[in-house]
Amino acid sequence: MAVVAQLSPSSYTETTRLSSSQLSLSSTHLSSLRRRAFRPIIGPRNPTISCSVNQVQAPVAVEQDDPKSKTNDCYGVFCLTYDLKAEEETKSWKKMVNIAVSGAAGMIANHLLFKLAAGEVLGPDQPIALKLLGSERSLQALEGVAMELEDSLFPLLREVKIGINPYELFEDAEWALLIGAKPRGPGMERAGLLDINGQIFAEQGKALNAVASRNVKVIVVGNPCNTNALICLKNAPSIPAKNFHALTRLDENRAKCQLALKAGVFYDKVSNMTIWGNHSTTQVPDFLNARINGLPVKEIIKDHKWLEEGFTETIQKRGGLLIKKWGRSSAASTAVSIVDAMKSLVTPTPEGDWFSSGVYTNGNPYGIAEDIVFSMPCRSKGDGDYELVKDVIFDDYLRKRIAKTEQELLAEKKCVAHLTGEGIAFCDLPEDTMLPGEM
Ligand code: LMR
């Protein structure tokens, strides 16, 4: 029997119906249903769509052409009831996970969403709901994304919502993948970029604080991602600061690839790869602690000048070179690295290895300044949490490089003091502060 019949809300009329999020999995979500069940929403775009599993409540349609009116809506086929039976859920499906994605109409998201929906990230028994946040300008494109998700018939994708209001889209989010950010425009100072994107992340932090799961894991991708993550966490005081990440996994992957190339091995032989610091041209790919076939990199690659100069600069500027070739920022490899970053948090880290993530520095064992978001080596038990790795070594070269990227992040932090609740911003950035994509 369709769940709608069990709820029989008195406010249910011909023109008001419940979204799939309100109906699906009702056997285990009655409390959250009660909170949301009676909010009127708009019917599906195409009343003739009737594609779902099991029995489906016949959709009651309201034709609606104004895209803005869809901001609080489930999308198309995802408005239909997925009548998952309680015993089916306990036998073979896990509880649905809400994943919010900002910048959802962009290129990175376009690669990422289909991986998420296919179960590549959270597994083949994990149903998901995608909450896609765009801007007013991108709302049409967002509909295009949702249409492609519909047409892909992913069994694990139980719900899609599109919209422009983070307070709606982040509701009960267990993951927030914050990709959307403005690129630097012509003549814009870096301070201007920090401010304009910082405002977006301050707002999104507030929205997460208000409506997301208290256990939400936030991965900030939009640049400058470290400082954006700091702004976001400062605006979300009810969510543990530890839950916020700035994506440096792409840099880690790039570093592994270049070391493998130089050593003439396949990249799965490279482990213990740390990226220290900022996702910028001051980042430090750590060849001192990295290993190839379990041995220190310096024992395998004897060309130490290449490690210090060629290798380091290649990783720092890889994003920029890619933009030159492609004419746009990396998208597919960024999406893959978001997948890797998520998997690293939900899978136990292999014994002796670690991964890099930009995380909050309070309590770090390396002597790095507190209260910034800095990429460091992490390990996870696979429970979504992580701990910092203690057994890493430093030499003068590494310390000096780490100090430089640390200074840069401290300067960025001063630039956004007005967005983190720390007073008046004062922006005096080192001259070479750049994103990897800026040459
Ligand atoms: C990358 O590393 O490829 C991007 O962050 C580059 C950029 O600046 O957008």
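1. The buried residues of helix H5 are Ile108, Ala109, Leu112, Leu113, Phe114, Leu116 and Ala117. Buried is used for a relative accessible area under 20%, exposed for over 50%, and partly exposed for what falls in between, with a 1.4 Å probe and protein chains only. Helices (H or I, at least four residues) and strands (E, at least two) are DSSP runs, numbered from the N terminus.

2. The model is predicted: local features need pLDDT of at least 70, side-chain atom pairs count only at pLDDT 80 or more, and totals for chains, interfaces and linings use all residues. Residues are numbered from 1 along each chain as its sequence is written, and side-chain values use heavy atoms, with hydrogens and water left out.

3. The chain has 439 residues, and 54% of them are buried. It holds 15 helices and 15 strands. Among contacts (heavy atoms within 4.5 Å) with a separation of 6 or more, 73% are between residues 24 or more positions apart.

4. What do the buried residues of H5 pack against? Their partners are the strands E2 (97–102), E3 (128–133), E4 (157–163) and E5 (175–178), together with the helices H6 (139–151) and H13 (332–346). After H5 comes Gly119, with a positive phi near 85°.

5. A nonpolar core is a set of buried Ala, Val, Leu, Ile, Met, Phe, Trp, Tyr and Cys residues joined through side-chain atoms within 4.5 Å. The largest one here has 62 residues, and Leu116, Leu132 and Leu149 have the most contacts inside it. H5 (residues 107–117) gives the most to this core, namely 7 residues. Domain 1 (94–246) and domain 2 (248–419) each supply at least three residues to the core; the domain bounds come from an automatic or database domain assignment. In soluble globular proteins, nonpolar side chains tend to be buried together.

6. Which residues does Leu116 contact, leaving aside neighbours within four places in sequence? They are Ile99, Val101, Val121, Ile128, Leu130, Leu177 and Met342. There is also a second, separate core of 31 residues, with Leu169, Ala207, Leu233 and Leu419 among its members.

7. Two packed helices are described by the angle between their axes and the distance between the axes. For helix H8 (residues 190–211) and helix H9 (residues 225–234), the axes come within 7 Å and cross at roughly 40°. Axes are lines fitted to C-alpha atoms, for helices over the stretch in contact, and the angles run from 0 to 180 degrees between N-to-C directions. H8 and H9 cross in a right-handed way; right-handed means that the near helix is turned clockwise from the far one by less than a right angle, and left-handed that it is turned anticlockwise.

8. On the H8 side, the contact is made by Leu194, Asn197, Gly198, Phe201, Ala202, Gln204, Gly205 and Leu208. H9 brings Thr227, Asn228, Ile231 and Cys232. By class, this contact has 6 nonpolar, 6 polar and no charged residues. Here Ala, Val, Leu, Ile, Met, Phe, Trp, Tyr, Cys and Pro count as nonpolar, Asp, Glu, Lys and Arg as charged, and the others, Gly among them, as polar.

9. Most residues other than glycine have a negative phi, and most peptide bonds are trans. A cis peptide bond joins Asn223 and Pro224, with omega about -5°. Pro224 sits in the loop between strand E6 (217–220) and H9.

10. Leu153, which is not a glycine, has a positive phi of about 50°. Leu153 lies in the loop between H6 and E4 and counts as exposed because its relative accessibility is 58%. Asp172 also has a positive phi, near 60°, and is placed in the loop between helix H7 (166–169) and E5. Is Asp172 buried or exposed? Asp172 is buried, because its relative accessible area is 18%.

11. Cys427 is in the segment after helix H15 (417–420) and is partly exposed, at 35% relative accessible area. Cys427 and Leu194 are 233 residues apart along the chain, yet their C-alpha atoms are separated by 9.9 Å. Not counting residues up to four places away in sequence, Cys427 touches Ala191 and Cys415.

12. Glu159 belongs to strand E4. Glu159 is buried, with a relative accessible area of 1%.
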